[in-house]
Amino acid sequence: MAKSNNPSVSSKVQLGEVVVLRLDGLDSLVARLTALGFETKGPVVRDGAVVPGPITGVADLPVGVHDEQAPGSYRLTRGDDGRLFDWAVGPGSWKAEFFPPSQEVWRAVKVGDSMQFTESAPLAPLAIVGARPCETAALDVLDRVLKDGAHRDPVYADRREGAFVAVVECATPASTCFCSSMGTGPGIEGGFDLALTEIDDARGHRFVVRAGSDAGVEVLSVLAHEEALDEDLEARGRVLDQAAARMGRQLQTEGLASLLARNVEHPRWADVAERCLSCANCTLVCPTCFCSDVRDTSDLDGTLERRRVWSSCFDLEHSYLHGGAVRTSASSRYRQWMTHKLSTWWDQFDTSGCVGCGRCIAWCPVGIDITEEAAFIAASDGATPANAVSKASAP
Amino acid sequence: MSSSSSADVRPTLAVWKFASCDGCQLSLLDCESELLALAGAVRIAHFTEMSRATVDGPYDISLVEGSITTPDDAERIKEVRSSSRYLVTIGACAATGGVQALRNFAEPGSYARIVYAHPEYLQTLETSTPISAHVPVDYELHGCPIDRGQLLEVLLAFLAGRRPVIAGHSVCQECKARATVCLLVANATACLGPVTRAGCGALCPSIGRGCFGCFGPSDSANTPSLAARLRSLGTSDDDLVRLLQTFNAAAPAFRDEAIHSTPVRLARSGGQSKSGVEQ
């Protein structure tokens with residue numbers, strides 16, 4: 001007979017300590033965060049996809065929902081297993097919560113010859129329950145750009161620093177996932193307030209939970225939890241091993257940055273351009289793409305507004321300088337995106353811009369696969385339009 | 001005639017109709033909450049859907065609706081151009097020839113013979129062509145109909161002496177901005193969003209319907225690639241052609257793929273179209 005966990009207690013948890021929460025404990029976590037004044041969000045099912053949304057408890061989560069993903073394709077299926085986190089990431093990333101698609105920069109009313117500025121009301125701090133490891137990795141990447149770099153974005157930084165993040169480790173990556181290659185999953189070792197692993201075996205449906213911050217310790221300590229046993233830790237290990245084995249794709253990262261840097265004339269860019277729609281979906285579902293545009297509008301009643309809106313390197317206007325756009329071809333735009341993500345991002349931010357979430361593969365309407373494009377170029381390193389016949393057709 | 005005093009310094013606005021349904025110019029009247037303020041900022045000098053009172057030109061800004069389908073209109077648009085400081089076209093007809101450009105793909109006169117008992121009384125051109133094929137155009141607003149927010153934006157930009165903030169990118173960006181789940185990827189819905197110009201706010205996809213391209217091709221539309229994808233998802237060539245040949249049939253990025261999808265039927269080889277209209 002298996003050992004049972006100690007009865008539920010609410011006691012002070014130590015930083016890094018591992019405990020077990022049951023489903024009612026997870027419910028209490030959501031309630032506790034909301035009671036603390038957070039706007040609590042998590043994965044919810046809407047319009048056939050798992051997307052970020054407001055949650056009030058376990059019932060709002062994707063209970064028994066699973067996904068099937070492939071290049072250009074995403075479908076949800078439903079089971080009766082009651083598992084809450086048996087899916088890989090959907091189209092909406094948590095980026096939008098910190099770096100919204102459209103954000104007021106300032107607003108003013110023209111009164112005579114002067115302008116009266118108005119401040120928008122601050123948002124309630126955000127708590128996320130159910131971000132995946134690749135998603136917090138993506139937020140860490142964004143932090144380097146928008147929070148910790150030379151140009152701190154106050155709106156992003158304030159929202160990010162005030163946020164509470166409970167990660168749920170990945171048990172069932174999709175065929176489009178390659179976080180193992182990028183070192184961002186399926187497990188997580190830091191950069192969270194709480195990290196949960198969903199386990200459903202002979203000893204019950206439960207979550208192995210670690211506190212990774214003082215805020216995490218504080219919240220976890222007041223929830224009814226159990227001491228984690230060796231069996232719980234072993235079960236977590238099995239979940240992560242199985243997840244890594246199920247990883248649908250891989251990206252060979254060794255030497256990748258320099259490979260792409262020396263292949264800017266590779267004929268594959270023109271090949272991708274035949275397929276690429278320049279629709280920008282890849283950049284908008286990407287959890288690390290941060291390009292934006294600033295738009296000024298004036299109204300008849302004298303209201304003036306400046307907004308920051310998402311932009312994309314696939315827009316013709318994105319590279320508009322005086323006289324015209326610099327990147328007029330789809331090949332130059334795809335090359336800009338992919339080489340930035342996998343190569344020049346390192347020069348700029350000392351990290352890869354890709355976390356291996358696979359969204360750009362699944363949500364590309366024509367299924368262009370960044371791992372396949374990288375592998376092709378690696379296999380035909382040095383090809384140019386002039387010698388394309390002999391080298392580019394190699395793999 | 002206008003009773004306005006000669007001291008009126010408001011810029012003058014004129015609205016002109018060519019081959020069209022009037023829906024786009026009515027968008028001006030749809031600017032309900034802004035209409036009075038707009039009428040205070042510009043002098044509406046010629047807008048016969050609103051008032052029979054008109055003021056002679058020249059005009060500071062002309063909104064031109066409709067395509068050129070008759071010899072008379074081909075001359076009249078030149079007069080409109082010469083009496084307008086700025087000429088802004090409004091809608092799919094004016095920008096690409098509109099739904100009536102389907103005649104461009106049929107035997108000359110074949111549509112007129114179906115619709116009119118005595119087509120011999122008509123004097124029409126063989127094709128429906130955009131305004132820009134006849135006179136220089138300062139700005140084109142797309143859509144069937146246009147978006148009234150975009151119309152206001154163009155007028156506000158004109159009044160403020162700034163560039164209109166209007167995108168040329170795909171509808172996809174509007175879906176993503178409002179967090180609409182992609183119908184094509186998540187449901188295999190035939191959707192022209194990836195090749196269609198934004199401006200509607202991704203209205204149709206937000207209610208679960210694929211984009212049917214009423215704003216015409218985006219500035220970087222790769223229609224052949226999308227068409228290949230839609231075919232692989234089960235869209236028939238017939239459906240594909242109908243999708244591409246609705247409101248912007250003659251826009252090159254849609255026209256070329258439609259012709260490619262049905263080379264025999266669309267060639268002007270004398271054969272009658274099989275479309276439901278003519279059966």
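**Chain B and its surroundings**

Reply: In chain B, 72% of the contacts with a separation of 6 or more are between residues 24 or more positions apart. The model under discussion is a predicted one. Chain B comprises 279 residues, and 46% of them count as buried. Its secondary structure consists of 13 helices and five strands. The C-alpha trace of chain B spans about 65 × 55 × 25 Å along its principal axes. The radius of gyration of chain B is 20 Å, which agrees with the value near 19 Å that a compact globule of 279 residues would have.

The domain assignment divides chain B into domain 1 (12-160) and domain 2 (172-278). Taken over C-alpha atoms, the centres of domain 1 of chain B and domain 2 of chain B are separated by 24 Å. The two domains touch through 19 residues of domain 1 of chain B and 20 residues of domain 2 of chain B. On the domain 1 side of this contact, α4 (92-96) and α5 (110-115) of chain B each supply at least two residues. The most is given by α4(B), with three residues. By class, that side of domain 1 of chain B has nine nonpolar, eight polar and two charged residues.

Turning to the neighbouring chain, the contact between the chains takes 37 residues from chain A and 29 residues from chain B. On the chain A side, the elements that give two or more residues are β3 (49-54), β5 (73-78), α9 (268-275), α10 (281-285) and β13 (292-298). Of these, β13(A) gives the most, with three residues. The side of chain A that touches chain B has 18 nonpolar, 10 polar and nine charged residues.

One of these contributing elements, β3(A), also belongs to a sheet. This open sheet of eight strands in chain A has mixed pairing and the order β3-β2-β8-β9-β10-β11-β1-β12. At its edges stand β3 and β12 (226-227) of chain A; each has a single partner strand, so one side of each is left without a neighbour in the sheet. Within the sheet, strand β8 (residues 126-131) of chain A pairs with strand β9 (residues 164-168) of chain A in the parallel sense, over four bridges. In this pairing, A:A127 stands opposite A:F164 in β9(A). Helix α6 (residues 214-221) of chain A lies across β1 (18-22), β9, β10 (194-201) and β11 (204-211) of chain A, and runs at about 140° to β11(A).

Definitions and conventions
Residues are numbered from 1 along each chain as its sequence is written. Chains are lettered from A and ligands numbered from 1 in the order in which they are written. This is a predicted model: local features need pLDDT of at least 70, side-chain atom pairs count only at pLDDT 80 or more; totals for chains, interfaces and linings use all residues. Two residues are in contact if their C-beta atoms, placed from the backbone, lie within 7 Å. Ala, Val, Leu, Ile, Met, Phe, Trp, Tyr, Cys and Pro count as nonpolar, Asp, Glu, Lys and Arg as charged, and the others, Gly among them, as polar. Domain bounds come from an automatic or database domain assignment. The radius of gyration is taken over C-alpha atoms; the globule rule is 2.2 Å times the number of residues to the power 0.38. A residue is buried if 20 or more other C-beta atoms lie within 10 Å of its own, exposed if 12 or fewer, and partly exposed in between; C-beta atoms are placed from the backbone. Two strands pair if DSSP finds at least two bridges between them. Axes are lines fitted to C-alpha atoms, for helices over the stretch in contact, and angles run from 0 to 180 degrees between N-to-C directions.
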